[in-house]
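Hi everyone, thanks for coming.

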Amino acid sequence: MNVQFSNTPKLTIMKKSKNSIDRRKFVKQTLTGVGGVILAPTILSACAKGANDLVHIAHIGVGSRGTAELRSYFVPLTDSRSVAICDVFQNRRLGGTGLVNKYYKENEITAPECKPYLDFEEILERKDIDAVHITTPDHWHVPAAIKAARAGKHIMLAKPLGLSYPNYMMLDKELKANDVRFHYGTQQRAAQHMKVGIELVKEGAIGEIERVDVWCPSANPVESPVCHEVPVPDTFDFDKWTGPARLNPYCPELVTNNGSWFNNDYSIGFLAGWGAHPLDIMVWALKDQMLGEYTCKGKGAFWAPGGLYNNVNSWDLDYYFKQGLKLHFFSDDVANSKNLYDYRDNKESNGTTFYGSKGWISLSRGSVQSNIPEINTKISEKIIDYIGMGQLFVDICKGKKEEVCPLSDAILSDSISHMGNIAIRTQRKITWDTKLGKVIDDDEANSLFIRAMREPYQV
């Protein structure tokens with residue numbers, strides 16, 4: 001693996017286009033009734049719908065992950081109905097609607113016909129839709145969520161969060177202004193063994209927390225392909241797939257999972273794409289100790305130049321929080337080369353280990369462990385069980401439960417990934433202020449957390 005350090009050119013936010021302003025005017029006009037009375041948008045809340053009412057959900061992006069969640073998280077639910085599918089691949093949107101309609105028919109479930117859409121903004125204009133489930137490529141996550149929030153739709157958003165800090169603030173503003181509930185797709189918060197481990201950390205079972213280790217997969221074991229431009233298929237809308245990102249020459253390899261995960265135009269790689277999960281575990285337990293200023297420094301590696309992939313694919317980073325907490329965030333290849341999780345019985349490729357004054361607890365997708373015998377007995381007896389993220393989302397929409405994965409937590413964990421990316425690309429120590437939302441005294445570093453948005457896809 002060749003280590004390639006490079007700086008990303010400074011980016012700026014482009015002004016909203018006339019088209020985006022006109023669309024918002026149109027939506028506002030459609031909400032104006034006779035005599036100029038403003039009609040309330042379709043916003044679900046505890047007072048707007050009863051606990052037994054059905055929640056109508058639209059699914060935006062149904063690739064491999066989106067379809068898996070549609071199939072397992074949503075279609076089997078009794079108190080919601082999937083009524084719309086949007087995808088820029090024709091076969092995916094037709095396959096998604098076919099899956100839903102077939103299930104409802106075969107199980108004799110009364111439901112509106114699930115309809116396919118190419119443009120998700122058409123879905124947002126439907127007053128009968130209460131919520132959206134967004135599983136697009138990373139670069140579309142926050143822009144799509146912002147538009148959904150403006151339309152008054154509750155949001156379940158896939159991780160990682162996104163690419164541009166100003167857009168995070170815009171999303172936060174729109175959620176509050178429109179009374180929209182947010183559900184971040186870090187499914188470990190629906191895991192019973194995780195809840196027990198987090199409670200033990202918060203209760204002080206391992207003493208005062210001094211440091212945390214977080215690790216995850218660095219990248220998929222694939223070669224970086226060369227893009228040979230070919231015509232775009234008639235059954236695929238490449239312009240909409242690209243959306244607010246830079247428009248690149250089309251080749252089939254570009255619009256795969258790997259193409260979007262490992263190309264900097266669309267993501268920052270598994271630093272955030274996988275890191276979102278174990279970093280979220282840390283935020284879940286120690287959020288109050290992570291607010292304010294912290295520094296990040298370290299090293300990373302990139303794919304060799306010449307291919308499609310240009311993101312960080314290996315990293316070893318150290319963070320120091322003002323309150324005294326320390327974080328070591330590294331990829332699994334670094335963990336294996338330095339024997340960084342040999343203390344664990346189960347050498348999982350992802351995890352979060354909390355080190356306290358009395359001992360440690362280590363949490364990962366498939367296992368939990370502690371070096372304190374009585375704690376280890378307690379948590380090892382817990383079944384590794386994940387309750388449905390879809391059901392949690394529906395309960396949150398109905399007001400039965402508070403937000404489980406709030407936007408503020410998502411911003412905190414995602415920013416940690418971005419600071420690592422920026423530290424590697426600039427080859428210097430970065431100081432981030434969570435309250436100001438900026439890198440201290442470093443305009444170049446700040447520019448790497450702001451993305452220009454291509455017309456007409458601004459928000």
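**Rings that meet**

Let's start with Tyr104, which is buried, at a relative accessible area of 3%; buried means under 20% relative accessible area, exposed over 50%, and partly exposed in between, using a 1.4 Å probe and protein chains only. Keep in mind that this is a predicted model, where local features need pLDDT of at least 70, side-chain atom pairs count only at pLDDT 80 or more, and totals for chains, interfaces and linings use all residues. Residues are numbered from 1 along each chain as its sequence is written, and side-chain values use heavy atoms, leaving out hydrogens and water.

Now, what makes a pair? Rings of Phe, Tyr and Trp (its six-membered ring) pair if their centres lie within 6.5 Å; planes under 30 degrees apart are stacked, over 60 edge-to-face, and the rest tilted. That rule gives 29 aromatic pairs here. One of them joins Tyr103 and Tyr104 edge-to-face, with 6.2 Å between centres and 70° between planes. Tyr103 is partly exposed, with 27% relative accessibility.

Next, Tyr343 and Tyr355: their planes meet at 65° and their centres are 6.2 Å apart, so this pair is edge-to-face. Tyr343 is partly exposed at 24% relative accessibility, while Tyr355 is buried at 13%.

Which residue lies over the face of Tyr355? That's Arg211, 3.7 Å from the ring centre. A charge sits over a ring if NZ of Lys or CZ of Arg is within 6 Å of the ring centre and within 35 degrees of the ring normal.

Finally, ring pairs link Phe89, Phe236, Phe238, Trp241, Tyr250 and Tyr266 into a cluster. Over the ring of Phe89 sits the charged end of Arg92, 3.9 Å from the centre.
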